[in-house]
Amino acid sequence: MGSSSRDRPWILAGRAAILFGVAVSILQVARAQVGGDQFYQLVRGWMFAYGDWWVPFGVHTSSGGFSPGGLLSLLHGLPLLAWQDHRAVAAFGLVAHAGAGWLLYRTCAPALSARGRFLLILLWWVNPWRMHYSTFAWNPNWMFVLGAIHVATARRMADRPAFLATFVHVAVVCLGIQIHNSFLILPVATVLLWWRRGLRVHLLGAAAGAGFAAATLVPWVVMALEHPAILPIGGNGFLGRGLVTVYPMVRGVLYLLRYPSFAIGRDLTAFDFGPAFGERADAVLAPLVGGIVAVAGVATVWIALVALVRLWRRRPRPAFAPLEDGAGPRAWLVTYARWSLVAAVVSFALSPTTTMSWQAFPVFHAAVVPLVLYGQAALRSRRRAAVRKVVVAWSTLTVLVCLAVATASPMYRRGGRNAMVVRVQEVPMFLEALGVPRTGTVKVLPDGSNESHVLLGPDRWHEGLEAGREKM
């Protein structure tokens, strides 16, 4: 796709945004902390790398038991083989998210102008939500990567059934069960896209992909037969809870609106600038930045809502019509975004648990597409001068918020208010080996402590892993 002199400023701005995102991500890797959730991810990675055991199941699920399969152990163990430091997992996350960004850009670029491509970079790559969740050990963070692979392979399957694209698409969708329950949005999206002719399935490729994913679950099946307690069943919710009680479904829709906006989560905005810049600076910066983010969050959610409404009013009509044969990249991208968001709402409606901020990460990219397309159109309209000012302000605020998150949010600072802490009854060897006490906070609790935080005593280092071999 050629570029004109009018496009050049947008291309340069996009490159600058990419470099800024890389630089801040590296800063986040260096400052990444470890809490209770990260402990359980790292212990599996350590056992894979140095404990001679590939743990065949993942972490606790909201439905009870543990997620099936050993993919999490692999994702967190391989980086530790290269660098024996807990931040190795964070660095691997950065690399994986960068690859996902490249896939997403390559997939969406034909449907976008230079302005639209810049907006995609701004709203996905340097989005404070994605930036924050890219560089620490946590299983939902991988959903961004699976989502990018989903859209890239779906695009390859748009015009004709392709064996390799279908194989990868189905394998990734099926492997998602080993990472986080939110993966369920992806198979729903695939079915809806197939129904609306957004993709063509190669039957042999689909069978091969499903078979590959199923084969990786064999060790888990063997262990589950011996130890049924690891099965992810027994939660308190019921299928369709979101539809019956309504609130969980509405909450999920609100998250879809918040993703492309500055209405970011509490985990990101619990700012404390004291550890990095001193208490005097914190007394000024914490309320100032927090106030700016709160005001910007309300304003930008409304913009995201307008963009979402406009997405459903775009031609062809009606909005639920199947995609026509030979439709161009832009029409396909609109169809993909629509049905991926519908899949998310279906998932929210069926979910037995209350929707949390990370449960739509698999379609995070689809959530930003409406605003990308809306902004692209607005930059060509008669209001383009005013819209450019909005884009400049949005970009400036993105820089401010990303830097604030990387230096003052709990996950990327040591100490301060609401700090990330690993609470144990004695410090396990592997935490020392991974440098957690040196770069983070480890609190040793007395025996019998009844703190409400997760206790990770010697007898619970592998809570649930007692179903297998003791290796620590």
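Q: Where do tryptophan 332 and tyrosine 336 lie?
A: Both are in helix α17, and they are four residues apart, about one turn of the helix. Keep in mind that this is a predicted model.

Q: Are those two buried or exposed?
A: Tryptophan 332 and tyrosine 336 are both buried.

Q: How many aromatic pairs does the structure hold?
A: There are 28 aromatic pairs. One of them is tyrosine 259 with phenylalanine 361, with 5.8 Å from centre to centre and 45 degrees between the planes, which is a tilted pair.

Q: Which parts of the chain does that pair tie together?
A: Tyrosine 259 is in the loop between α13 (247-258) and α14 (266-269), while phenylalanine 361 is in the loop between α17 (329-350) and α18 (364-378), so the pair ties together parts that are 102 residues apart in sequence. Tyrosine 259 and phenylalanine 361 are both buried.

Q: Back to tryptophan 332 and tyrosine 336. Why is that pair stacked?
A: The ring centres of tryptophan 332 and tyrosine 336 are 5.3 Å apart and the planes are at 25 degrees, so the pair counts as stacked. The cut-off used here for stacked is planes under 30 degrees apart.

Q: Which residues do ring pairs link into a cluster?
A: The cluster is made of Trp129, Tyr133, Phe136, Trp138, Phe144, Tyr259, Trp358, Phe361, Phe364 and Tyr412.

Q: New topic: charges and rings. What sits over the ring of tryptophan 124?
A: The charged end of arginine 130 does, at 5.0 Å from the ring centre. Another case is arginine 196, which lies over the face of tryptophan 195 at 4.0 Å from the ring centre.

Q: Next, serine 134. Where is it found?
A: Serine 134 is in the loop between α6 (128-132) and α7 (143-156).

Q: Is serine 134 buried or exposed?
A: Serine 134 is buried, and its relative accessible area is 2%.

Q: What lies 2.7 Å from a polar atom of its side chain?
A: For serine 134, that is the backbone oxygen of methionine 131.

Q: And which residues is serine 134 in contact with, leaving aside neighbours within four places in sequence?
A: The list is Ser25, Gln28, Ala90, Gly93, Leu94, His97 and Asn141.

Q: Let me look at α4. Which residues does alanine 88 touch there?
A: Not counting residues up to four places away in sequence, alanine 88 touches Pro79, Leu80 and Trp83. Alanine 88 lies in helix α4, which covers residues 87-108. With a relative accessible area of 5%, alanine 88 is buried.

Q: What separates the C-alpha atoms of alanine 88 and tryptophan 54?
A: They are separated by 18 Å, and the two residues are 34 residues apart along the chain.

Q: Where is methionine 223 found?
A: Methionine 223 is in helix α11, residues 218-226. Its relative accessible area is 11%, and it is buried.

Q: Now the backbone. What is phi of arginine 197 near?
A: Phi of arginine 197 is near 60 degrees, a positive value in a residue other than glycine. Most residues other than glycine have a negative phi. Arginine 197 is in the loop between α9 (185-195) and α10 (203-215), and it is partly exposed at 44% relative accessible area.

Q: What about asparagine 418, what phi does that have?
A: Asparagine 418 has a positive phi of about 55 degrees, and it is not a glycine. Asparagine 418 is in the loop between α19 (384-408) and β3 (422-424). With 58% relative accessibility, asparagine 418 counts as exposed.

Q: Last topic, the whole chain. How many helices and strands does it have?
A: The protein chain has 21 helices and four strands. Its radius of gyration is 22 Å, close to the 23 Å that the globule rule gives for 472 residues, so the chain is as compact as a globular protein of that length.

Q: What share of the residues is buried?
A: Of the 472 residues, 55% count as buried. The protein chain exposes about 20,500 Å², and carbon and sulfur atoms supply 65% of that.

Conventions. Residues are numbered from 1 along each chain as its sequence is written. This is a predicted model: local features need pLDDT of at least 70, side-chain atom pairs count only at pLDDT 80 or more; totals for chains, interfaces and linings use all residues. Side-chain values use heavy atoms; hydrogens and water are left out. Rings of Phe, Tyr and Trp (its six-membered ring) pair if their centres lie within 6.5 Å; planes under 30 degrees apart count as stacked, over 60 as edge-to-face and the rest as tilted. Helices (H or I, at least four residues) and strands (E, at least two) are DSSP runs, numbered from the N terminus. Buried means under 20% relative accessible area, exposed over 50%, partly exposed in between (1.4 Å probe, protein chains only). A charge sits over a ring if NZ of Lys or CZ of Arg is within 6 Å of the ring centre and within 35 degrees of the ring normal. A polar contact is a pair of N or O atoms within 3.5 Å; within protein, one must be able to donate a hydrogen and the other to accept it, and residues adjacent in sequence count only if both atoms are side-chain atoms. Contact means heavy atoms within 4.5 Å. The radius of gyration is taken over C-alpha atoms; the globule rule is 2.2 Å times the number of residues to the power 0.38. Accessible areas come from the Shrake-Rupley method with a 1.4 Å probe; for residues, only the protein chains shown count as cover.
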